[in-house]
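Please read the following note alongside the sequence and the model.

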Amino acid sequence: MSLRLAGGVLLLPSLGDDDNAALLAAPALRYQWFPAASRPFVEFGIGAALFLDTELDERSVSTSFQFEDRLAAGMALGRGEMSLSLTHYSNAGIKRPNDGLNVAALGYRLEL
């Protein structure tokens with residue numbers, strides 16, 4: 001088991017003119033099987049996000065600061081890794097409405 005810290009930018013295109021983006025800081029616990037070439041893993045993290053706007057289409061997250069809960073699974077692929085993740089953003093009831101936001105993503109990460 002290892003602890004990882006990731007940062008990034010989340011780009012959220014909308015169906016209308018309400019595009020949004022967020023800065024992310026996300027520590028995660030990772031469990032990795034087999035130290036060989038395929039190296040499958042699962043990880044879970046609770047982090048923070050700072051959204052540029054509190055609206056995305058008809059959804060309101062009320063505050064720019066959001067908590068991030070993330071669950072992911074993946075494996076090594078080439079010089080990087082491929083993963084499938086499910087992430088939930090919510091302000092934990094700090095302010096209403098608290099519609100929250102769920103994001104499913106397929107990603108490829110290449111370590112520099």
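1. Tyrosine 108 touches Leu77, Gly78, Arg79, Gly80, Glu81 and Met82, where residues up to four places away in sequence are not counted; a contact means heavy atoms within 4.5 Å. The tyrosine belongs to strand 8 (residues 101-109). Tyrosine 108 counts as partly exposed because its relative accessible area is 45% (buried means under 20%, exposed over 50%, partly exposed in between, with a 1.4 Å probe and protein chains only). The C-alpha atoms of tyrosine 108 and glycine 7 are separated by 15 Å, and these residues lie 101 apart along the chain.

2. The model is predicted: local features need pLDDT of at least 70, side-chain atom pairs count only at pLDDT 80 or more, and totals for chains, interfaces and linings use all residues. Residues are numbered from 1 along each chain as its sequence is written, and side-chain values use heavy atoms, with hydrogens and water left out.

3. The chain has zero helices and eight strands (DSSP runs numbered from the N terminus: helices are H or I of at least four residues, strands E of at least two). Its order along the sequence is β-β-β-β-β-β-β-β. The C-alpha atoms fill a box of roughly 45 × 25 × 20 Å along the principal axes. Of the 112 residues, 33% count as buried. Among contacts between residues at least 6 apart in sequence, 50% join residues at least 24 apart.

4. Asp17, Asp18, Asp19, Asp53, Glu55 and Asp99 form a negative surface patch. Lys and Arg count as positive and Asp and Glu as negative; His and the chain ends are not counted. The place of a charge is NZ of Lys, CZ of Arg, CG of Asp or CD of Glu. Accessible areas come from the Shrake-Rupley method. Glutamate 55 lies in strand 4 (residues 55-56) and is partly exposed, at 32% relative accessibility.

5. Several backbone details deserve attention. Most residues other than glycine have a negative phi, and most peptide bonds are trans. Serine 62, however, has a positive phi of about 70°; this serine is buried, at 12% relative accessible area. Alanine 92 also has a positive phi, near 60°, and is exposed, at 58%. The peptide bond from arginine 96 to proline 97 is cis, with omega near -5°. Proline 97 lies in the loop between strand 7 (80-90) and strand 8.

Technical notes
Patches are made of residues with over 30% relative accessible area and no salt bridge: like charges are joined within 9 Å, nonpolar side chains (Val, Leu, Ile, Met, Phe, Trp, Tyr) within 5 Å. Accessible areas come from the Shrake-Rupley method with a 1.4 Å probe; for residues, only the protein chains shown count as cover. A salt bridge is a side-chain nitrogen of Lys or Arg within 4 Å of a carboxyl oxygen of Asp or Glu.
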